[in-house]
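Here's a quick briefing for anyone opening this structure for the first time. Have a look at the model, then read on.

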Amino acid sequence: MQLSENPQQVWNNCLAVIRDIIPQSSFKTWFKPIIPLKLEDNVFTIQVSSPFVYEYIEEHFIDLISKTLRKELGPNVKLQYSVQVVTNENPVTYPPQGHTYPKNKPVPYPANTGKHIPNPFVIPGLKQLQIDPQLNPGYSFSNFIEGECNRLARSAGLTIAERPGGTAFNPLFIYGGSGLGKTHLAQAIGIAVKERLPEKIVLYVSANRFQTQYVDAVTVKNKLNDFLHFYQMIDVLILDDVQEFVGKEGTQNAFFHIFNHLHQSGKQLILTSDKPPVEMEMQGLEKRLLSRFKWGLSAELQMPNVETRIAILQNKIYHNGMQLDDKVVHYIAEKITTNIRELEGALVSLLAQATLNKKAITPELAEETTEKLVSSSQREISILDIQKAVCGYFNLTPESMLSKSRKREIVQARQIAMYLSRNMTKDSLASIGAQIGGKDHATVLHAFNTVCDLMDTDKHFKQYVSEIERQLKETW
């Protein structure tokens with residue numbers, strides 16, 4: 001096809017195909033507003049209304065657009081965007097994001113196996129394994145903002161990237177609540193290793209996926225050794241959400257052997273968890289495996305303070321080509337205090353509102369959008385709040401709950417307070433125990449399990465707990 005064709009006609013032909021493939025609502029929202037601008041030197045340029053639209057199309061529809069354009073204009077056509085930046089009169093030209101995804105070199109089969117290794121990340125039957133690192137190029141160190149909340153873990157990660165397997169931080173155990181950047185940091189280390197040492201074989205895998213692979217391996221005759229051999233070839237293994245191994249004895253045993261082999265061979269292990277090691281120990285993680293998790297460095301990711309939240313938003317704004325008033329940025333940073341994922345989600349929601357409803361981004365719109373995501377009186381429930389609620393419900397004094405009394409009603413009230421504190425606060429087991437009668441973390445975990453068991457077997461007890469929890473949520 002000749003590249004002198006009218007860009008509007010080319011785009012109409014593409015739309016005729018796209019319209020039949022995606023839902024009508026998506027077609028109207030994302031494709032109808034696109035304007036084909038020009039077709040020059042094998043480059044087809046389309047105009048979109050904002051960086052948000054550009055990023056959404058790149059994430060969800062780029063393969064579909066690329067295929068239809070190649071069908072119309074040939075295999076060498078390139079796509080380019082003209083993006084109207086928010087609060088900026090002049091459009092900005094964006095090529096497709098086209099991140100350079102980290103790649104591993106092909107790995108030959110180990111000579112001692114005598115057969116191919118079934119690899120869940122690649123098509124079997126090849127003479128060499130091309131192991132996909134499973135790294136997201138957006139999770140780089142340049143996008144990971146440093147603050148007091150993550151400085152230790154980030155610094156350790158940078159050190160590891162220089163000499164994977166050759167530092168005291170092996171394994172690196174990163175833990176913290178949901179949405180605080182554990183996966184981002186772990187993958188950033190992997191990306192940095194591939195940039196500095198491209199010959200290293202890096203692999204990111206979730207604990208859930210590892211567990212699925214293990215089950216598949218043991219249910220197929222003579223495949224467990226192949227599974228172990230595959231993981232023992234990795235130079236930098238990143239295992240996400242390792243707390244999911246709790247209670248899975250077979251998976252723990254397999255990973256124990258993989259861990260030993262990699263560690264003794266000077267390979268790097270990076271583990272993430274939403275719980276510190278001590279909590280996993282109380283929940284049933286094998287001690288021999290837990291002791292190995294503690295060999296290196298355990299680093300906690302905490303809630304970012306307001307200055308760090310502002311820096312995170314400014315970084316996101318910069319990379320999205322936006323220009324926002326500082327008042328808007330500060331408002332969002334002060335309002336969203338839960339985690340980084342919700343912070344960035346609020347910014348995306350704000351941009352979507354402005355783009356799709358053709359509104360200017362003002363402090364008023366920021367307030368309107370953010371109020372839909374969080375309570376206007378957002379305040380984290382504290383252990384003291386929970387103690388007061390439990391005492392009020394059972395007509396007890398706070399002093400009696402904190403006493404050493406073994407009366408049944410007081411013990412149960414104390415256990416309920418510990419159970420709710422674990423479910424409704426971010427405090428550690430040790431912190432909960434210290435604030436509720438000076439107990440240790442083992443007592444808190446026992447209380448939690450006792451309440452869970454009673455709720456399963458006693459409907460009246462379950463009603464007590466549910467009513468107290470509802471009261472707390474309505475009050476705060």
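Let's start with helix 15, residues 363-371, where Leu-365, Ala-366, Thr-369 and Thr-370 are buried (buried means under 20% relative accessible area, exposed over 50%, partly exposed in between, with a 1.4 Å probe and protein chains only). Those four residues sit on the same side of helix 15, because they span an arc of only 125° around the axis (the arc is that of the directions from the helix axis to the C-beta atoms). The cover over the buried residues of helix 15 includes helix 13 (326-335) and helix 14 (340-356).

This is a predicted model, so local features need pLDDT of at least 70 and side-chain atom pairs count only at pLDDT 80 or more, while totals for chains, interfaces and linings use all residues. Residues are numbered from 1 along each chain as its sequence is written, and side-chain values use heavy atoms, with hydrogens and water left out.

**The whole protein**
- You'll find 21 helices and 11 strands in the protein; helices (H or I, at least four residues) and strands (E, at least two) are DSSP runs, numbered from the N terminus.
- The protein has 476 residues, and 48% of them are buried.
- Take the contacts between residues at least 6 apart in sequence: 71% of them join residues at least 24 apart (contact means heavy atoms within 4.5 Å).

**How confident is the predictor?**
- The average pLDDT of the protein is 82, and 86% of the residues score at least 70 (pLDDT is the predictor's confidence in each residue, from 0 to 100).
- Over residues 110-117 the pLDDT stays under 50, and the model has 15 contacts beyond four places in sequence for them.
- Residues 122-127 also have pLDDT under 50, with six contacts beyond four places in sequence.

**Salt bridges**
- Side chains of opposite charge can pair when their charged atoms come close.
- The whole structure has eight salt bridges (a salt bridge is a side-chain nitrogen of Lys or Arg within 4 Å of a carboxyl oxygen of Asp or Glu).
- Arg-151 pairs with Glu-148, and their closest N and O atoms are 2.5 Å apart. Arg-151 is partly exposed at 32% relative accessibility, while Glu-148 is exposed at 60%.
- Both belong to a network of salt bridges that links Glu-146, Glu-148, Arg-151 and Arg-154.
- Arg-196 and Glu-162 form a salt bridge too, with the closest N and O atoms 3.2 Å apart. Arg-196 is in helix 6 (residues 182-196) and Glu-162 in helix 5 (residues 151-162), so this pair ties together parts that are 34 residues apart in sequence.
- Arg-196 is partly exposed at 46% relative accessible area, and Glu-162 is partly exposed at 43%.
- Lys-275 and Asp-274 meet in a salt bridge at 3.4 Å, N to O. Lys-275 is buried at 17%, whereas Asp-274 is partly exposed at 35%.

- Leu-224 is part of helix 8 (residues 224-232) and is partly exposed at 31% relative accessibility.
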